[in-house]
Amino acid sequence: MERNQQLRRQLASMRQSLFDQGHLDEQFILLEELQDDANPNFVEEVVTLHYRDSARLITTIERALEKSPLDFNKLDGYMHQFKGSSTSIGAKKVKAESTQFREYCEAGNGEGCMKTFQLLKRDYATLRRKLEAYFQLARQAGPNEIACRPK
Amino acid sequence: MKAPEKEILGTKMNHRHRPKITALVVDDNMVVRAIHHRLLQDLGIENQVAVNGKEAVDVHSSGQYFDLILMDMDMPVMNGIEATRKLRAMGIRSTIAGISSRSLEREKQEFMEAGLDDYHEKPLTADKIVSILHKISNHSG
C-alpha cells in the first residue's frame, strides 16, 4: 500500500515536471481526458503511434538534409507533417523547433535548418525517454493515476 | 468537456429521437486520425476514418453518407480542397468542416471556397466539435 502510494507520488511528480520543464502543453491533458475505462491506455497508444510516425519522418528529414542543394520545399513538407504529429500529443518544445525549422526553410537558410534540426532531435529524444519512463511507472502504479490534472 | 455538458449535447443532438450523428475523419496523419476518432467517439458520434481525400470521395461513391466530415487540408493523393470540391460536385450536402494547421487567411479562404461549412485550426478540441455540431442541428431545424 505504502509502496503504491510512493509510486503514485513519483508518477504525479514526473508528470508535473514534464509540464514545468516545457516539454508538454495542454494538448497532452486533452489526451488524458479522452482516457477512460473503455480506453484505459489511450494516451500511451497515441504517443506510441506518434513515435512510429515521427521516427520515420526524422529519418526522411535527415536524408533530405544530406542532399545538395537542399530542397527547402520538400524539407518544409516533411516538417509540416512532423509538426502536426508533435502538436497532436502536446510536444511543446519539439513543436516550437518544428516551427523554427520551417521558418528557416522559407528563408532558404540551410545552416539554420541543420542547427534547429539537431536541437529538435535532442528534445525529441529527451521527451521520448521521459514519456517512456512515465508510462512504465504508470503501469506499475495502476491505471487510475494517468488521468490526473496538474495542480 | 465535462460529463454534464456531454449529456446536454447528447440530449440536444438526439431530440425528436433522431438517429445518431455519423462522421468521417479525413486526415493522412495516423496520430490525428486516432485522436479525432476518439474525440468524436467520446461525444457519442459514430465515425469512420479515411487517410486522404480520394478515400473520402470513394467511400461516398460507394453510397455511404455522413452527417459530418472533418477534412484535413494537406494530404497526399487528393488534398482536402480538391476532395471538398468533388464531394460538393457529387451533391454531398453533409456538413464539411476543414481542420488544418494552416493559419494564413488566404489559405483558409481557398479551403472555404471549395465548399466548407466551417473551418477550425488544429488541434481539434471537443468544444470546437460542439460548435460544428450546432451547425448540423441548426441546419436540420
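The entries below cover the cysteines of chain A and then the build of chain B.

**Ground rules.** I am working with a predicted model, where local features need pLDDT of at least 70, side-chain atom pairs count only at pLDDT 80 or more, and totals for chains, interfaces and linings use all residues. Residues are numbered from 1 along each chain as its sequence is written, chains are lettered from A and ligands numbered from 1 in the order in which they are written, and side-chain values use heavy atoms, leaving out hydrogens and water.

**Cysteines.** How many disulfides are there over all chains? I took a disulfide as a pair of cysteine sulfur atoms within 2.5 Å, and the count over all chains is zero. I then looked at A:Cys105, whose closest cysteine sulfur sits in A:Cys113 at 3.7 Å, which is too far for a bond. Seen from A:Cys113, the closest cysteine sulfur is that of A:Cys105.

Are these two buried or exposed? I call a residue buried under 20% relative accessible area, exposed over 50% and partly exposed in between (1.4 Å probe, protein chains only). A:Cys105 is buried at 6%, and A:Cys113 is buried at 0%.

**Chain B.** I counted six helices and five strands, taken as DSSP runs numbered from the N terminus (helices H or I, at least four residues; strands E, at least two). Their order from the N terminus is α-β-α-β-α-β-α-β-α-β-α. Chain B has 141 residues, and 48% of them count as buried.

For contacts (heavy atoms within 4.5 Å), I noted that 64% of those between chain B residues at least 6 apart in sequence join residues at least 24 apart.
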